[in-house]
2 protein chains.
Amino acid sequence: MKPGTLYGVGLGPGDPELVTVRAARVVHDAETIAYFAKAGRDSHARKIAKPYLRSGCEEILLTYPMTTERPFLKPEYVDALHGFYEESAVRLAAILEQGRDVALLCEGDPMFYGSFMHLFERLRERFRVEICAGVSGMSGCFAAAQQPMTWGDDVLCVVPATLEEHALERRLAVADAAVVMKIGGNFLKLRRVLTRLRMIERAIYVERGTMEGQKLMPLLEKTDDVAPYFAMVLVPGRGRRP
Amino acid sequence: MKPGTLYGVGLGPGDPELVTVRAARVVHDAETIAYFAKAGRDSHARKIAKPYLRSGCEEILLTYPMTTERPFLKPEYVDALHGFYEESAVRLAAILEQGRDVALLCEGDPMFYGSFMHLFERLRERFRVEICAGVSGMSGCFAAAQQPMTWGDDVLCVVPATLEEHALERRLAVADAAVVMKIGGNFLKLRRVLTRLRMIERAIYVERGTMEGQKLMPLLEKTDDVAPYFAMVLVPGRGRRP
């Protein structure tokens, strides 16, 4: 039997209207969808895809083995995650082997910090895979903030705030424009680094960009140091503007 | 009279199916569209939007003052471009002042190296603006190459190959993953830098990603040194893969 195709479907930053025409079609045609979710939480990807789902399609829920939003580098965590991806790949392979297609729903762009990539690497040799590029979470934030980000020959660095303070500073020091992700408990460290680099004056804090409850403000106006893990800080470039 | 709204409509990397549902709607509802094009060339943005255009909508063509694809830093060039953006802003303002909306068509994502940003900065104080985020050209290339780009805490740098060799090397040296744009005549310089940084072994050359005539190959297998200005080189990250 001809095996099925695995679709990696990028669904954009959160607003269902920011789904591409292609992703909407693939989701609508799918008889089987799969998506990641944290234990006891709704899947964000499924919520974005909901207006496009056909009724009665089969749904495969892949539940992350941890309940925190803060990833740790502890061996137990890495082991648990490894087991989870292995097992999820086996579950999807069983369906694909029956000749059925699976649309794996992904927030943002599937090839940009996406959980999808871990299943893609495990299944790509055995099955046909199609990738639907999506609007990245950061592009959603640029639009939400109405903030042009990169001009002319600006260099953009996308940097996780989880890096050690020195490493974070070394990367941001060569950036004209920056997007800092994974803020959470790293907020104070990030504020120190941006202050030393004199980037803080133009930095913008974005929480829940393009979604309900969106918060946007110049970073200098943020008076507390509490930020969710998925908040972002944008540092716009200042390149050529003829 | 209530002035019109300027829409900055991101249309994605080239495939009309990678237009968002929102952009398709905005384009379809638009009575007036505007787009940039090089003299004597079709507008790429208009071509992407074509399936969604309503028949009989008014079209405003904004023709760049230069015929080459290589931007120069010469003062005459900057002056010509300045005049062009000023004049284009005046043309759109005249329509917006009549209470009519204008949808400005943009390749990729409007806030990411987009010509739109130059008109946005000139019109944002006087008119309501809505930004439709789009799939960036680089996300289109990640999907076309079926290449996961950033894992775990990888730092991604987006770097124009137009930088001086030393500056290019300094940026790429702190990157785990990189997207190099604006290749053209900078190809040999880029190859030298990637070779010195030992990034060339995993670099991928992409020409016309997601479009007709797409070319994809490991950079090491590219035997000539001819590349169009809009080619890209992807250097995938190698971060955590549980």
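The following exercises, each with a worked solution, concern a predicted model.

The model's local features need pLDDT of at least 70 and side-chain atom pairs count only at pLDDT 80 or more, while totals for chains, interfaces and linings use all residues. Residues are numbered from 1 along each chain as its sequence is written, chains are lettered from A and ligands numbered from 1 in the order written, and side-chain values use heavy atoms, without hydrogens and water.

**Exercise 1. Describe the overall build of chain A.**

Step 1. Chain A has seven helices and ten strands; helices (H or I, at least four residues) and strands (E, at least two) are DSSP runs, numbered from the N terminus.

Step 2. The radius of gyration of chain A is 19 Å, close to the 18 Å from the globule rule for 242 residues, so chain A is as compact as a globular protein of that length. The radius is taken over C-alpha atoms, and the rule is 2.2 Å times the number of residues to the power 0.38.

Step 3. The C-alpha trace of chain A spans about 60 × 45 × 30 Å along its principal axes.

Step 4. Of the 242 residues of chain A, 58% are buried. Buried means under 20% relative accessible area, exposed over 50%, and partly exposed in between (1.4 Å probe, protein chains only).

Step 5. Take the contacts (heavy atoms within 4.5 Å). Among those in chain A between residues at least 6 apart in sequence, 72% join residues at least 24 apart.

**Exercise 2. Where is I33(A), and which residues does I33(A) touch?**

Step 1. I33(A) sits in strand β2 (residues 32-37) of chain A.

Step 2. The relative accessibility of I33(A) is 0%, so I33(A) counts as buried.

Step 3. Leaving out residues up to four places away in sequence, I33(A) touches L53(A), C57(A), E58(A), E59(A), I60(A), A103(A) and L105(A).

Step 4. R46(A) is 13 residues from I33(A) in sequence, and their C-alpha atoms are 9.0 Å apart.

**Exercise 3. State what encloses helices α4(B) and α5(A).**

Step 1. Helix α4 (residues 116-123) of chain B has six of its eight residues buried, so α4(B) is largely enclosed by the rest of the structure. The buried residues are F116(B), M117(B), H118(B), L119(B), F120(B) and L123(B).

Step 2. Their cover includes β1 (5-10), β2 (32-37), β3 (58-63), α3 (75-97), β4 (102-106) and β5 (128-132) of chain B.

Step 3. In helix α5 (residues 137-144) of chain A, six of the eight residues are buried, so α5(A) is largely enclosed as well. Among the buried residues are M138(A), C141(A) and F142(A).

Step 4. The buried residues of α5(A) pack against β6 (156-160), β7 (177-181), β8 and β10 (232-235) of chain A, and against β5 and α5 (137-144) of chain B.

**Exercise 4. Locate residues with positive phi.**

Step 1. Most residues other than glycine have a negative phi.

Step 2. T210(A), not a glycine, has a positive phi of about 70° and is in the loop between β8 (204-207) and β9 (215-218) of chain A.

Step 3. R198(B) has phi near 55°, lies in the loop between α7 (187-196) and β8 (204-207) of chain B, and is exposed at 64% relative accessible area.
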